[in-house]
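Please look over the model below before reading my notes.

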Amino acid sequence: MTVWELIGVLGKSLIYIGMLASVGGVLMLWLGRSNAPLVRLIARQYLLPTALTGLLATCLVFLAQVGSVNQRGVAGMFDPVIGGILADTELGSVLRWRLAGFVLMLLAIIPVNLPGALWDKPRTRQFSWITLLVAIVCFTVSVASQGHAASISLLAQCLVAAHLIAVAAWVGSFYPLYRAALASDVNADDLVLLAGRFGQVAWSILAVMLLTGVPLIWLVAGGPLSLTDDAHGQLLLIKLVLVALMMALGALHKFVLVTSLQSALMQSDDQTVPDSRRLLARSIRTETVLALLVLLLTASMTTVTGPVP
């Protein structure tokens, strides 16, 4: 792996984190919209830093692509001629869609981050929600218009778009749930309500993931039997195993940990409730680590390796 490929993998990982956080964060904002402390927590401590990181990483990846073509070291990253040429290609189109998405995301959460009651005004909220949805559309187009699926068919692009939304809504919700489980200003009743709402939505999310992911394995990799034929397929196989582990942990959250916390609340057990919250947070943290590994694998698959025709 060259230095440019390494920069590409790390940069794309940060971009994916920014996009997943945007979609998942918007979902958690919607599910917890009636809880002001939770809304502020998600906007200020999650959406704001991840959108800024994604914005900077998007620029870094494009500059690294310019440097990779130029092959003149760091100075070559800022070559205006090569940069202009790449800006007119698919790389430039993806750059513009991603930049638009992150800028719109930052614009949408300004009312939450400003002091005062600006977020409480109906028109302000309406503006923010519309802007957030447009930002998600930008991210979806940026992913669907590049990579291996874009060279196959329009069906593959649509499947990738739907798969991205589902994965982002699922994985991007982990950190807000984790912080809500530990936050002192989010009481246990609100945490159970939030986790319960997410659990109801999660079934639909997982269904979309499976219905779009399975066809993509055939379209991109040539079917499950070919996963061991090349490096791309082997990485995809490892990715599927990690996702299966994440699903198992998700089932543990819904059927065991959240239920245990709810039972402790019903019994007014002041000692068990904090322990149940910490246990839930620890399990979500483990699931988040697995998600980060999946993102690294995905970035490697789209930067270094590719399916063998």
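**Notes on the model**

The largest share of the nonpolar patch comes from α12, which gives three residues. Point 2 takes this up.

1. Basis. This is a predicted model, in which local features need pLDDT of at least 70, side-chain atom pairs count only at pLDDT 80 or more, and totals for chains, interfaces and linings use all residues. Residues are numbered from 1 along each chain as its sequence is written, and side-chain values use heavy atoms, with hydrogens and water left out.

2. Nonpolar patch. The members are L6, L10, V289, L293 and L296, and together they have about 410 Å² of accessible area. Two elements give two or more residues each: α1 (3-31) and α12 (272-303). Helices here are DSSP runs (H or I, at least four residues), numbered from the N terminus. Patch residues have over 30% relative accessible area and no salt bridge; nonpolar side chains (Val, Leu, Ile, Met, Phe, Trp, Tyr) are joined within 5 Å. Areas come from the Shrake-Rupley method with a 1.4 Å probe, and for residues only the protein chains shown count as cover.

3. V289. This patch member sits in helix α12. V289 is partly exposed, at 46% relative accessible area. The classes are buried (under 20%), exposed (over 50%) and partly exposed in between, with a 1.4 Å probe and protein chains only.

4. Salt bridges. There are two in the structure. The criterion is a side-chain nitrogen of Lys or Arg within 4 Å of a carboxyl oxygen of Asp or Glu. R278 pairs with D275 at 2.3 Å, N to O. Both lie in α12, three residues apart, about one turn of the helix. An α-helix has 3.6 residues a turn, so residues three or four places apart point the same way. R278 is partly exposed at 43%, and D275 is partly exposed at 38%.

5. The other pair. D79 and R72 meet at 3.8 Å, N to O. D79 is buried, at 16% relative accessible area. R72 is exposed, at 60%.

6. H253. Which residues does H253 contact, leaving aside its neighbours within four places in sequence? They are V258, L280, S283, I284 and E287, with contact meaning heavy atoms within 4.5 Å. H253 lies in helix α11 (residues 231-266) and is buried, at 9% relative accessibility.

7. Helix α8. Residues 154-171 make up this helix of 18 residues, which reaches 26 Å from first C-alpha to last, close to the 26 Å expected at 1.5 Å a residue. The expected span is 1.5 Å times one less than the number of residues. Its buried residues include L159, V160, L164 and W170.

Technical notes: Patch = residues over 30% accessible without salt bridge, like charges linked within 9 Å, V, L, I, M, F, W, Y side chains within 5 Å.
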